[in-house]
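Here is a short briefing to read alongside the model. Please have the sequence and the 3D view open as you go.

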Amino acid sequence: CGVLDVTNPNNVLDSALAAPTSATNQSIGAVAATVRALASVWGPYGTATDELLFTGSQDFFGQLDRGNVSDPANQFVGQAYERLAQARWLGDNAIRNLRAFDQANQLANRADLATSYLHAALAYVTAADMYDDFVVGADREKAAQSVGEANMAALYDTAIVYLDRGLTIATAVNNVELRRQSLALRARARHAKQVWRLLKPARRPPSNPLVDDAGATADAQAALTAIGAGDWSWTVTPSLQGTGSPNVGGDLNQRREFRISCAYAAPACEPIGSIRRNTVLTENGQPVVALRDPVTQQPDVALRGAIARAIGASPAQLLPMTVTSAREMHLIVAEGALARGDAAAAREAINRARALAGQPAWDGTGVTGLDLLRHSRRTHLFLMGRRLADMYRFGERDPEWQVGSTAQRSTGCFFSVPEIERLASAAQGITIPAPGCR
């Protein structure tokens with residue numbers, strides 16, 4: 001009798017979040033949830049692009065590889081959505097609670113609030129980058145209507161507001177690294193918002209694929225000033241605890257559900273349906289790179305470094321993920337200059353990114369600025385969650401995309417709100433619109 005009448009001293013009730021002493025833990029929890037979300041969504045996203053190639057047994061990865069990106073029933077897109085929704089909620093909740101502590105002069109470390117703003121912004125940017133629609137107003141068991149496909153740019157706006165506020169705090173407390181990260185992510189958000197506008201609602205490659213956003217360029221330049229001359233990157237790594245599946249590192253390096261695509265690394269690959277080798281060849285300890293630098297006509301060393309980091313993770317499933325970098329900032333500056341017709345400024349910015357990777361400078365000949373920018377984004381931003389949008393806006397196709405697949409026939413289609421969210425909403429009388437990219 002009474003065997004279940006126990007008291008657990010480890011129970012933490014929701015009311016504990018009202019205590020200012022919980023501030024650091026709330027911020028850390030939001031960070032951890034965001035890292036889990038990135039690890040979950042970057043694998044499916046990369047498989048939908050030409051970066052990763054399906055080689056395993058889980059056919060929902062195969063469907064993504066074939067270009068069927070908008071299926072609400074896709075298991076891995078759905079699991080990634082759950083983690084991203086959790087990260088969004090935890091980030092917003094941490095901001096709400098820590099702001100209250102701050103306004104009452106009860107926040108011991110204001111950098112915790114700046115960190116919460118930063119990672120909540122990252123969750124919003126990731127959702128806008130990778131989903132055609134998203135539910136933002138849901139609160140645990142309470143459902144809400146989705147943002148709507150036509151309104152997804154508003155998620156970038158929320159991220160920018162968060163970054164504005166977090167940057168003010170980071171500057172006030174003189175946290176140099178938080179300031180760098182906030183500036184770089186704000187540049188990313190502003191650039192990505194303009195890429196979104198190029199792709200929606202035309203459903204075809206834009207006549208001019210280049211982004212020239214004064215705010216993005218200014219933020220990128222400010223970030224580079226804060227960074228200095230080094231090859232800086234903001235990199236996050238999941239921990240073993242609670243990583244679960246899907247996880248880009250585990251699926252790439254352990255389960256072998258996908259591999260680095262044959263367009264990027266040897267060995268050569270056979271068509272879908274064939275038995276394919278799913279390991280990257282190495283030579284003298286370095287990956288054998290298939291993609292060549294247009295300037296040197298040699299295997300691209302920037303890509304080699306990115307692939308080596310991906311397949312060389314230790315432990316294998318804990319893949320370090322680069323959120324943004326100094327190289328990306330230089331490429332944002334270069335793209336703006338190209339769009340304005342300033343070839344000299346574009347060449348200087350591209351060469352700064354190349355120098356960070358140990359590549360020789362481009363003298364402006366042999367390849368156009370646009371083509372070198374496209375190639376540079378492909379290599380310097382490898383496995384950073386940018387490729388599908390770039391493929392769409394630059395009119396590129398993955399050879400694995402089947403004729404009639406969503407990605408092949410309709411430019412600008414990304415992931416859909418999954419069935420689990422649709423069913424939970426329907427149970428409360430809320431109907432989420434059907435995907436526009438079916």
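How many bridges join strand β2 (residues 233-236) to β6? Four bridges do, and the two strands run antiparallel. This is a predicted model, in which local features need pLDDT of at least 70, side-chain atom pairs count only at pLDDT 80 or more, and totals for chains, interfaces and linings use all residues. Residues are numbered from 1 along each chain as its sequence is written, and side-chain values use heavy atoms, leaving out hydrogens and water.

- Strands count as paired if DSSP finds at least two bridges between them.
- Thr235 stands opposite Thr322 in β6.

**Overall fold**
- The protein has 15 helices and six strands, taken as DSSP runs (helices H or I, at least four residues; strands E, at least two) numbered from the N terminus.
- Its C-alpha atoms fill a box of roughly 75 × 50 × 45 Å along the principal axes.
- Among contacts (heavy atoms within 4.5 Å) between residues at least 6 apart in sequence, 72% join residues at least 24 apart.

**Surface and burial**
- Of the 438 residues, 56% count as buried.
- The accessible surface (Shrake-Rupley method, 1.4 Å probe) comes to about 18,000 Å², and 51% of this belongs to carbon and sulfur atoms.

Methods: Buried means under 20% relative accessible area, exposed over 50%, partly exposed in between (1.4 Å probe, protein chains only).
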